Amino acid sequence: MAAVQGGPVDAVEEKDIKTEPSNDGCGSNSTNDGRAASASPGSGAPAAGAKPAAAAPEDQQTLLAVLQFLKKNKLTESVDILRREAGLPEDSLDLKGADSSAAGSGGAAGGAAAGGAVAGGDLGAADASSLLSRVTASSSAVVQAPTKAAGEDQPDVNVVLSAYSQQGDPKLYPVYYNGLKRFIESVLDCHRAELSQVFYPLFVHMYLELVYNNYESEAKAFFEKFRGDQECYYEDDLRILSSLSKREHMRGNETLLDFRTSKFVLRISRDSYQLLKRHLQERQNNQIWNIIQEHLYIDIFDGMPRSKSQIDAMSGSLAGEAKREANKAKVYYGLLKEPEIELPLDDEDEEAENEEGKPKKKKPKKDSVGSKSKKQDPNAPQQTRIPLPELKDSDKLDKIMYMKEATKRIRLGPENLPSICFYSFLNAYQGLTAVDFTDDSSLIAGGFADSTVRVWSVTPKKLRKVKSAADLNLIDKESDDVLERIMDEKTASELKILYGHSGPVYGISFSPDRNYLLSSSEDGTVRLWSLQTFTCLVGYKGHNYPVWDTHFSPHGYYFVSGGHDRVARLWATDHYQPLRIFSGHLADVTCTRFHPNSNYVATGSSDRTIRLWDVLNGSCVRIFTGHKGPIHALAFSPNGKFLASGATDSRVLLWDIGHGLMIGELKGHTDSIYSLRFSRDGEILASGSMDNTVRLWNATKAFDDLETDDFTAATGHVHLQDNSQELLLGTYMSKSTPVINLHFTRRNLLLAAGSYNP
């Protein structure tokens with residue numbers, strides 16, 4: 001019916017309308033056994049004596065109601081096309097309008113009419129007119145939607161909940177649910193774990209249906225009786241659900257709207273699915289079958305059923321698991337080719353060459369670092385796939401510095417763990433909410449709940465502003481040290497405070513060239529600050545609600561932000577409007593990260609999923625499920641192949657981006673994980689948590705132990721080893737400081753930061 005709402009309809013949409021009801025009144029299009037397995041929600045089952053070729057009376061009524069609606073709106077051309085498609089005589093509309101004793105008066109089984117408007121008895125013109133009025137009402141609701149109050153951006157509760165029409169006697173719901181429970185408990189062990197996945201979505205939809213139809217006491221009894229059967233990781237959702245005890249509570253409730261508008265995805269083997277289907281059809285358990293058809297998406301695979309541990313590893317998100325198709329797209333996870341930069345000899349090398357007459361051994365090592373990614377990676381995107389900024393001279397100098405530092409980098413491993421330098425924010429009465437380090441580890445910035453951003457220099461070099469315009473005119477612009485002369489020594493200090501936000505600052509990110517700093521806040525804006533003048537250059541407005549995180553691209557220019565409005569936005573520093581809007585999460589986007597090649601963005605959300613987005617076209621190319629709580633930390637491995645994620649469930653999960661699969665689980669933390677970082681060579685993964693610890697994990701072993709044959713399995717399940725203790729290299733306690741940021745310097749020293757809680 002959606003095609004009709006809102007006025008003129010073209011011929012293609014009309015065909016869709018016509019083919020929709022011809023699903024022989026059955027929610028499933030896979031029942032080939034001749035009898036109607038169930039009626040679609042809200043319609044009576046077709047009469048037993050109805051001819052197979054003829055549309056069911058209700059379908060005909062619906063069709064006529066649509067035709068009348070189109071005729072009323074003078075869409076005669078559309079009426080003719082639809083009538084011809086449906087094979088109705090030309091005078092059918094006139095007959096139907098005048099004659100109340102049309103076909104269907106008593107011919108159909110006396111089930112409830114589609115909206116609960118007409119129950120049983122005469123389903124003639126009264127039914128057609130009720131359908132017509134409903135179509136008209138819904139179309140007018142769609143037309144009037146833009147004129148709603150600004151705060152009401154949620155869908156109308158009546159439209160969203162229209163599927164919760166009455167399905168038989170509510171007192172029988174516990175009986176239906178109990179019957180299914182007994183059946184699943186009686187099947188073979190191998191099928192039981194898979195079929196048990198059905199309990200949670202069924203429980204929620206049955207409860208909501210009871211509440212929507214004003215059966216408060218029955219709903220409460222149902223909830224109390226079966227709440228204990230649900231998995232522990234749905235506890236938070238059930239707490240929210242228990243507060244919905246009246247129909248009015250449903251209006252604008254986010255959790256409910258998520259559940260209602262997105263199908264809950266279950267992955268079940270074909271054998272288990274056939275068992276369930278056969279059971280429901282034999283019992284003629286239409287209520288449960290209808291909910292499964294209407295609100296669940298069952299991703300059926302061929303092969304052995306999955307074990308309880310395999311299912312638990314992947315479940316827990318707000319909308320079930322990801323469909324297998326969601327992770328099939330090609331992802332170019334390789335690194336871009338580095339620009340060729342000649343590495344000049346430093347003074348030490350020149351001296352050594354003069355003395356000895358032959359070069360030092362260090363030199364070839366440097367060349368090898370410089371030419372590390374000269375060869376094009378076969379999995380890398382094309383250099384020009386997305387436009388990246390050209391390297392400036394200052395960037396080239398920075399690259400040279402980076403290469404020199406890289407030659408002095410410590411090679412980490414199980415026998416050679418990094419030193420950790422912890423920056424504790426003492427007396428942070430303003431409430432520290434975010435921290436970031438520059439890539440060269442020279443600056444540290446903190447975002448605070450008092451809406452300020454504070455920047456410190458952690459080297460002896462102090463922070464200075466650029467001189468005023470009048471003073472700049474007096475400078476000799478040709479001199480070699482012009483960049484030094486433009487700085488005003490009078491302004492030198494270790495700390496600069498940036499004022500501008502009107503709410504707590506939740507996310508900050510330095511640009512790779514250290515010239516800019518991004519900050520995102522509860523005030524719904526992202527601000528770009530100059531680190532030359534320590535002033536705000538731009539305020540990016542696009543989010544309607546708090547912005548939880550922001551992150552600069554490794555190549556600069558682009559940045560991403562995510563917030564309470566459930567979307568992530570891609571920006572460029574010189575555009576005040578977003579370039580891409582990544583929409584798909586069912587709850588707040590809590591953290592964002594760019595892939596090392598800048599072609600992809602990862603987002604973590606309170607819906608307990610991680611999504612990977614293609615910057616080129618804005619499409620979602622990976623959905624990872626498995627966390628049991630909101631995700632607050634993401635980190636890509638330096639080679640771009642793997643992703644690590646941390647959440648409030650105290651676990652770190654490892655993902656293979658190319659195959660779209662979970663490949664590891666690191667357990668050990670006892671509180672939410674807010675920070676993850678790979679060492680510069682990818683050997684070690686560091687995790688920081690609210691439990692006041694930093695833990696180091698052997699990333700090389702975690703990735704090398706993988707059996708690549710597992711990935712070729714069509715079912716896409718990998719059996720996770722419980723080897724967290726083997727992979728844990730060390731745990732480092734702070735006195736009483738939660739760890740909210742980690743950073744490896746270019747020489748692989750680990751920096752950590754947090755605010756001391758006395």
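Colleague: Thanks! To start, which side chain does Glu683 meet in a salt bridge?

Modeller: The partner of Glu683 is Arg411, at 2.8 Å from N to O. A salt bridge here is a side-chain nitrogen of Lys or Arg within 4 Å of a carboxyl oxygen of Asp or Glu. Before we go on, this is a predicted model, where local features need pLDDT of at least 70 and side-chain atom pairs count only at pLDDT 80 or more, while totals for chains, interfaces and linings use all residues. Residues are numbered from 1 along each chain as its sequence is written, and side-chain values use heavy atoms, with hydrogens and water left out.

Colleague: How many salt bridges does the structure hold?

Modeller: There are 27. Some residues are linked in a network of salt bridges: Asp398, Asp439, Asp440, Arg514, Arg680 and Arg746. Elsewhere, Arg227 pairs with Glu235, their closest N and O atoms being 3.0 Å apart. Arg227 is partly exposed at 23% relative accessibility, and Glu235 is partly exposed at 35%.

Colleague: What about Arg267, which residue does it form a salt bridge with?

Modeller: Arg267 pairs with Glu321, with 3.7 Å between the closest N and O atoms. That pair also links distant parts of the chain: Arg267 is in strand E1 (residues 264-269), whereas Glu321 is in the loop between helix H15 (308-314) and helix H16 (347-356), 54 residues away. Arg267 counts as buried at 6% relative accessibility, and Glu321 is buried at 4%.

Colleague: I see Lys323 in that area. What is Lys323 in contact with, beyond its sequence neighbours?

Modeller: Leaving aside neighbours within four places in sequence, Lys323 is in contact with Val265, Arg267, Tyr297 and Asp299. Contact means heavy atoms within 4.5 Å. Lys323 lies in the loop between H15 and H16, and counts as partly exposed at 33% relative accessibility. Lys323 and Arg267 are 56 residues apart in sequence, with their C-alpha atoms 7.7 Å apart in space.

Colleague: Switching topic: which residues touch the most other members of the largest nonpolar core?

Modeller: Those are Leu180, Phe203, Phe222, Leu241 and Ile292, in a core of 44 residues. Helix H9 (residues 199-212) gives the most to this core, with 11 residues. A nonpolar core is a set of buried Ala, Val, Leu, Ile, Met, Phe, Trp, Tyr and Cys residues joined through side-chain atoms within 4.5 Å.

Colleague: Now the sheets. In what order do E14, E15, E16 and E17 come?

Modeller: The order is E14-E15-E16-E17, in an open sheet with antiparallel pairing. Strand E14 (547-552) and strand E17 (580-583) stand at the edges with a single partner strand each, so one side of each is left without a neighbour in the sheet. Neighbouring strands are turned by 20° against each other on average, direction ignored; the axes are lines fitted to C-alpha atoms, for helices over the stretch in contact, and angles run from 0 to 180 degrees between N-to-C directions.

Colleague: How many bridges join E14 to E15?

Modeller: 5 bridges join E14 to strand E15 (residues 558-563), and Asp549 stands opposite Gly562 in E15. Two strands pair if DSSP finds at least two bridges between them.

Conventions:
Buried < 20%, exposed > 50% of the residue type's maximum accessible area, 1.4 Å probe, protein only. Helix = DSSP H or I, 4+ residues; strand = E, 2+ residues; numbered from the N terminus.
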